[in-house]
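This report is meant for someone meeting the structure for the first time. Please look over the sequence and the model before reading on.

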Amino acid sequence: MLASITELVSEPWVLTLLKVVAVFAVVMPMVAYSVVAERRISAWIQDRVGPNRVGIPFTNIKLLGLGQPLADGLKSLVKEDFTPAHVRKAFYWMAPALVLVPSFVVLAVVPFGSMLGAQKMVIADLDVGILFTFGIVSLGVYGIVLAGYGSNSKYPFLGGIRATAQMISYEIAMGMAVVPVFMLVGDLNLSAVIDYQASGAWLVFKQPIAFAIFLIAIFAETNRLPFDLPESETELVAGYNTEYSSMRFALFFMGEYAAMIAGSALMVVLFCGGWTLPLGDFFNTPAQSLGQGLVHIGVFIAKIAMFLCLMIWIRWMLPRFRYDQLMNIGWKRFLPASLANIILTATVLWVLHS
Amino acid sequence: MKVDRTELTWWERLYLPTLLNGFKVTLRHFFSWKRSEVYGDKQKGYAAKTTMQYPEEKWDVPTGYRGAPYLVKDVDDKTKCVSCQLCEFVCPPRAIRITPPGDSGVVDREGAEKMPKEFEIDMLRCIYCGFCQEVCPEEAIFLLEDYAITGETREELVYDMEKLLALGGADKRAYDHHVQDGVGEGIKKWETKTREAGEQPKFH
């Protein structure tokens, strides 16, 4: 019995399945708690207190409001799932899933730790990791566009249109921004990017322009303020999710936060050293022991959490850009800047190697 | 119409000054735990941020606030209501229902001919307009300061006379007010109203 279990666990597909379940089990609570973090941080910035009541159900223990996701989730589940009569049903039903899925798929190629036992801590160690990521991230826009189109009403439609234009524009700047990273690393595999950073300085110090452009493009890609034009509640009611209610709306919401986590994970991997820390060999070499492996995963999650906090902070700091300003920045500033950065990097590499 | 826009300098167009300023402002508020001055000295142990922790802390009800209508007793703890039913008639949503005593009326104070057998206010119907308080010749009903009327059933929210009197309590304030006005002992609101009406300027 025991032997057959160990045999089963050493099967590659079982291990992959275990990793998928583990990643899912970590990311879902992160999504839930980034919503709480969003609400608490926004409250503190606005001199409010935020949700601080819900604790452990059926007790008086408040736990600083950390039980809030339970209440929110329950509320979304038991609310009426209303489908307006005028919507195009197939697209309307498909859209929330299409928003949520790509963010999770991106996480499949992200190395979230070094080693745990003999296992590399990445679900799919693709050699074309970053190309795969960009391919999948672009799919995220379909969910929003379909929501805007399928809702068959004015405001969602406008939101959908804005989403298309915005995400396509920033996709290009984002893709161009990471080209110098791979010129330095010489590999498209995300694990290789981390290995490169483990042996030297983090890429955020070598490629600050690329990092800045990538960071801002991630804000635009995840529809976060100051680029939340598809949603812009002051102009478009709620943009693409105006006609949605209950769990479908919650799926959009979760999709946004899952996209934030995926974007933060990409930033950590590409520019901030992934699971490494420049504090000696313990943090920079692949783990030998189980404990070291867990520490590496912890470091990775902590870095993601820091980026999430930054994104939340920025949201409550800056007003929304005007549509023409958004396009202006994307096409007239970031695209030329990233192209110049590629040429600069190429020149420096050419000089160094000749 | 042409709107003149301010020409931004190169430095300003970088968005960086606004960004830094934003960081500064948000950080200042994030770490500021000062209580807002809106609540004055109502700190009660929650001396952080501006949010009022509602069920534990409550705001000061301003003078003249129209809360739930309750019956008040006089200083001798006697029912003031004389069952004239004016409030019942004036009540726009018909939230008040008075059962008059009929022939078998008993009174618990001197100077009153009768008192209601039953006096009910449906708090779910009440719109807090204050007409009942305005019309009452005996100053027996007042819109007091309660604003959070809750219950689990509809029946529970129909307050009967006993409950209304208990909630209203003895209305020392109105009594003193009248003594000061020189109207004298006992409530004769119609005298005040007549005097006030006589003091109005006449236009014909």
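Among contacts in chain A between residues at least 6 apart in sequence, what percentage join residues at least 24 apart? The share is 76%, where two residues count as in contact if their C-beta atoms, placed from the backbone, lie within 7 Å.

This is a predicted model, in which local features need pLDDT of at least 70, side-chain atom pairs count only at pLDDT 80 or more, and totals for chains, interfaces and linings use all residues. Residues are numbered from 1 along each chain as its sequence is written, while chains are lettered from A and ligands numbered from 1 in the order in which they are written.

**Chain A as a whole**

Chain A has 13 helices and 2 strands, these being DSSP runs numbered from the N terminus (H or I and at least four residues for helices, E and at least two for strands). The radius of gyration of chain A, taken over C-alpha atoms, is 21 Å, close to the 20 Å that the globule rule gives for 354 residues, so the chain is as compact as a globular protein of that length; the rule itself is 2.2 Å times the number of residues to the power 0.38. Along its principal axes the C-alpha trace of chain A spans about 65 × 60 × 45 Å. Buried residues make up 42% of the 354 residues in chain A, where a residue is buried if 20 or more other C-beta atoms lie within 10 Å of its own, exposed if 12 or fewer, and partly exposed in between, with C-beta atoms placed from the backbone.

**Nonpolar cores**

In soluble globular proteins, nonpolar side chains tend to be buried together. A nonpolar core is here a set of buried Ala, Val, Leu, Ile, Met, Phe, Trp, Tyr and Cys residues joined through C-beta atoms within 7 Å. The largest one has 88 residues, and those with the most contacts inside it include A:Val110, A:Phe214 and A:Ile261. Its largest share, 17 residues, comes from helix 10 (residues 246–271) of chain A. Leaving aside neighbours within four places in sequence, A:Ile261 is in contact with A:Val27, A:Met30, A:Val31, A:Ile304 and A:Leu308. Apart from this core lies another, of 25 residues, among them B:Ile96, B:Phe142, B:Leu164 and B:Leu165.

**Individual residues**

A:Ala108 is found in the loop between helix 4 (89–106) and strand 1 (115–116) of chain A, and it touches A:Ile123 and A:Ala124 when residues up to four places away in sequence are not counted. A:Ala108 counts as partly exposed because it has 19 C-beta neighbours inside 10 Å. A:Val351, by contrast, sits in helix 13 (residues 323–353) of chain A and is exposed, with 8 other C-beta atoms within 10 Å.

The table gives two C-alpha separations.

| Pair | Apart along the chain | C-alpha separation |
|---|---|---|
| A:Ala108 and A:Ala85 | 23 residues | 38 Å |
| A:Val351 and A:Gly117 | 234 residues | 42 Å |

In chain B, B:Ser83 has a positive phi of about 60° although it is not a glycine. B:Ser83 lies in the loop between strand 1 (69–71) and helix 3 (86–90) of chain B and is buried, with 23 other C-beta atoms within 10 Å.

**Where the chains meet**

The contact takes 10 residues from chain A and 10 residues from chain B.
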